[in-house]
Amino acid sequence: MPPAPNPTTPVGGDLCPPAHPTSPDPSEALVIAVTTRAIFNLEEEHKLYLDKGKEEYTRHQKSNQDKPLQPGTAFAFIQAAQYVNKKILESNPAEKDLFDILVLSNNSPESGVRIINSTKHYGKGDSIPRGACFPTGRLDEDSTQYLKSHGVKLFLSADRTDVCNALRRGTFSPPSHVQAPSTPLRVVFDGDAVLFSDETDQVFREQGLEGAVQYERAMEAVPMGEGPLKAFAMHLGKMRKKFSQEKSPIRTYLVTARSGRDMGIRAIKTLREWGLAIDEAFFMDGAPKGPILAQIQPHIFFDDGLHNIQGAQNVGVPSAWVPSCC
Ligand SMILES: [Mg+2]
């Protein structure tokens, strides 16, 4: 379920890392914004903040500042994105089309020392993004405007309110828990209401499976509308095309509840129409997604169905819920 809001203490400049000499060009880069609570597991600390308040939270973080935080849901994904950047730069040192990761932190300079130390612990400064840093409490309309103006195509947060504000601004989504191994980057997308619009879901809700199948037959030649993750997936696909299939540091997957027999064709035609190459597509015909996700071991799995998010968590796959409405 969507966790409660983040601590809302504004952060000072101390947490913001200096601009990196090889920072990606934001006009060309694939910009991802992620909150510290998505990168690191801060759930206990967050609970402390809610139960005992800001002062106690800050005191706790100060007295534990040398104790590294455990990785959070987005940790492996962010690491893998850094790996992709490394591979792209190896093949073309002048390439500007890279992942650009903005870290959004709600911590004050005092409580933020633990986050900086945790970053150093895991990556010696490299595995967790340098990127920009936005001083914010909970993301408000202004902050989400900031996300939009910086071209953020994916927003990972542990806070549903943040996500809903961002969605209204045309950016996006929140994660849950667990880990997966790193490199190369493996990303799994659901189809309806994630890559695609939720038009067929709506027909299904109103008319049942038979109605949805008939609708799909009638609409077979018409590409589906775009879902909240289309722009991110298209950019990922563009990066993916820089490499041959064997050498690609990115692998993308479609794992959809659609059946291949009745409802696969329109999905495939839509992807073709968009020019979005997906490495592998799985049509589950309503079967649970957990087992195939356990085989793929993605760094992140995007779905709008909470039962699918739960299924992913049950097999230890990091997952991000894509809310279709807020
Ligand atoms: Mg769906």
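Helices (H or I, at least four residues) and strands (E, at least two) are DSSP runs, numbered from the N terminus, and by that naming Ala-193 lies in the loop between β5 and α8. This is a predicted model, in which local features need pLDDT of at least 70 and side-chain atom pairs count only at pLDDT 80 or more, while totals for chains, interfaces and linings use all residues. Residues are numbered from 1 along each chain as its sequence is written.

**The sheet**

- Five strands form an open sheet in the order β7-β6-β5-β8-β9 with parallel pairing, where two strands pair if DSSP finds at least two bridges between them.
- Because β7 (280–283) and β9 (319–321) stand at the edges with a single partner strand each, one side of each is left without a neighbour in the sheet.
- From one strand to the next, the twist averages 20°, and such angles run from 0 to 180 degrees between N-to-C directions, with axes being lines fitted to C-alpha atoms, for helices over the stretch in contact.
- Strand β6 (residues 250–256) runs parallel to β7 and is joined to it by 4 bridges, and Tyr-253 stands opposite Glu-280 in β7.

**Helices across the strands**

- Helix α4 (residues 75–91) lies across β5 (185–189), β6 and β8 (300–303), and runs at about 120° to β5; two residues are in contact if their C-beta atoms, placed from the backbone, lie within 7 Å.
- Helix α9 (residues 230–240) lies across β5 and β6, and runs at about 140° to β6.

**Asp-201 and its surroundings**

- Asp-201 belongs to helix α8 (residues 199–218), and, leaving aside residues up to four places away in sequence, Asp-201 touches Asp-192 and Ala-193.
- Asp-201 counts as partly exposed because it has 18 C-beta neighbours inside 10 Å; a residue is buried if 20 or more other C-beta atoms lie within 10 Å of its own, exposed if 12 or fewer, and partly exposed in between, with C-beta atoms placed from the backbone.
- Although Asp-201 and Ala-212 are 11 residues apart in sequence, their C-alpha atoms are 7.8 Å apart in space.

**Two residues with positive phi**

- Ala-193 has a positive phi of about 70° although it is not a glycine, and Ala-193 is buried because 22 other C-beta atoms lie within 10 Å.
- Gln-297, which is found in the loop between α11 (290–296) and β8, is also not a glycine, yet has a positive phi of about 55°.
- With 15 other C-beta atoms within 10 Å, Gln-297 is partly exposed.
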